[in-house]
Amino acid sequence: MTSLSQTTSWKALVAHAESVKPKHLRDLFSSDPTRGERLPFVACGIYFDFSKHRITDETLRLLVALAEERGLKDAIEAMFSGRKINITEGRAVLHTALRSPKDEVVTVDGRNVIPDVHAVLEEMDVFANKVRSGEWKGYTGKPIKAVVNIGIGGSDLGPVMAYEALKPYSKRDIDVVYVSNVDGTDIAESLRDLNPETTLFIVSSKTFTTQETMANAMSARSWLLESLKDDASIAKHFVAVSTNAEKVTQFGIDKANMFGFWDWVGGRYSMDSAIGLSTMIAVGSEVFRQLLSGFHAMDVHFRSAPFDKNMPVLMALLNIWYTDFFGAETHAVLPYDQYLHRFPAYLQQLIMESNGKQVTLEGNPVDVPTSAVIWGEPGTNGQHSFYQLIHQGTRLIPVDFICFAKSHNPIGQHHQLLMSNVFAQAEALAFGKTEAEVRAEGVEESLVPHKVFEGNRPSSVLMAQKLTPEILGSLIALYEHITYTQAVIWGINAFDQWGVELGKALANKILPELDQESGAPLNHDSSTNTLIKRFKELQ
């Protein structure tokens, strides 16, 4: 494939960017009074306003031309049809099959995978209903009152985000707890107030060998046996989401309570697979299926909508516009709903683990910057934290505002106050405040420079009526497809994560060297050797 910077459409965008950079959003709006009405559109119940971006109609035309030149349409079909687009691992990429209707056909290695997907969903349904109804009993005959999900990365970030987002729909007489960090404090604090007789653990690890997850699982096992004393209790208090039946059985988990998934489901794309079992227990199978329906709606939109009215494609192209033509290094995602407070953390893995790559699919160095750093906090907390930097700092930081017209908790004027801040922040970022406007307020001359807001800071507003399971599914799928679109444009693989492996390998080498009695020789650099020695001294 031609290197990105040498394509016709990229060169056209380079030249075009120079004509757009001097333009201010004030001028773009004043020259086109209908801009704010003309550019937004609705898909999957989400109103997408991208009028406050530093773009013209010509920018959009050229960005769409870039997507077309890079073969995005074919790439989308390749993913949905089950082709092995994860070339470094020889795998298909079919998280979209996890939410496909029963009557669809998606073939991998000659096998339609949709029946397998729905078979696992049915198994999840049955088990979740048993736990929720109290039919599933612990070893001493008591119903489950707490579910502890043990995983890390994609086995944690997606489920905990969805659980928090869907709390209005959850069964509140069952506590759902998430343990991921190998720091012993995480599991110690998570288990401190739980009763072993009424606690169920879900161990989520495809291979059942993930170091952090298995360390936490073994500690949970010891905690349970310290109270219940009998190895037979493990089968009543542990289930697994895995594909390694041998390891699961060795742990003491009944193989009948192992929920499987497939190598064509990447970890960070897996929350709508059996990895979401904790979510289903919390909210019930009906709500979980509504979540899947929302995913599927965005899948259909992404696959079928023309690029100039395709929400994931346009958002991806706008991100590339700022990353590669304006030098933006970070991107803020700011949900104005407390239930989405874990959404930015989830997106950090989804986007940065996917697109934090420095070589193309062919193994050549990429010739443009790839993924921006993703970060954010829920509004209005962020306004009293980092918004100063976004408004008046020296760095350009594009923003996604996410908000809802209706609150699950309509208390007094809280929601109107919240929403007034969403609209005000987007307006302030775009238009700022000029010197003339500051002086007109009678501000002392020496303070004028300090109170000027440059504006011209781009943002998108994503607004739905309410944070429902369907809307949450569509939002998650939206960002999944943004991520893939960017990867296609940059010519990188969004579905491997080799950069995670080196640190793991070195940690396994260092682990025995931390044993006070080992006397193992240290063969690292002088800094690492000294750190290990100092650690052992301090112990």
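1. Starting with Phe 431: leaving out residues up to four places away in sequence, Phe 431 touches His 24, Leu 25, Arg 26, Phe 29, Lys 52, Gly 455 and Asn 456. Contact here means heavy atoms within 4.5 Å.

2. A word on provenance. This is a predicted model, where local features need pLDDT of at least 70, side-chain atom pairs count only at pLDDT 80 or more, and totals for chains, interfaces and linings use all residues. Residues are numbered from 1 along each chain as its sequence is written, and side-chain values use heavy atoms, with hydrogens and water left out.

3. Back to Phe 431, which belongs to helix H17 (residues 414-431); helices are DSSP runs of H or I, at least four residues, numbered from the N terminus. Phe 431 is partly exposed because its relative accessibility is 22%. For the cut-offs, buried is under 20% relative accessible area, exposed is over 50%, and partly exposed lies in between (1.4 Å probe, protein chains only).

4. His 296, in helix H13 (residues 285-304), is buried, as its relative accessible area is 18%. Setting aside neighbours within four places in sequence, His 296 has contacts with Arg 99, Ser 100, Pro 101 and Glu 104.

5. Now the cores. The largest nonpolar core has 126 residues, and the members touching the most others are Trp 264, Phe 343 and Tyr 479. Helix H20 (residues 469-490) supplies the largest share of this core, 13 residues. A nonpolar core is a set of buried Ala, Val, Leu, Ile, Met, Phe, Trp, Tyr and Cys residues joined through side-chain atoms within 4.5 Å. Beyond four places in sequence, Phe 343 is in contact with Met 161, Val 333, Ile 402, Leu 475, Ile 476 and Tyr 479. There's also a second, separate core of 25 residues, with Phe 201, Met 214, Ala 217 and Phe 251 among them.

6. Last, a helix pair. H14 (residues 311-325) packs on H20 at about 55°, axes 8 Å apart; axes are lines fitted to C-alpha atoms, for helices over the stretch in contact, and angles run from 0 to 180 degrees between N-to-C directions. H14 and H20 are therefore oblique to each other, oblique being whatever is left after under 35 degrees (roughly parallel), over 145 (roughly antiparallel) and 65 to 115 (roughly perpendicular). Residues making the contact include Met 311 and Ile 320 of H14, and Tyr 479 and Trp 490 of H20.

Key. Helix = DSSP H or I, 4+ residues; strand = E, 2+ residues; numbered from the N terminus.
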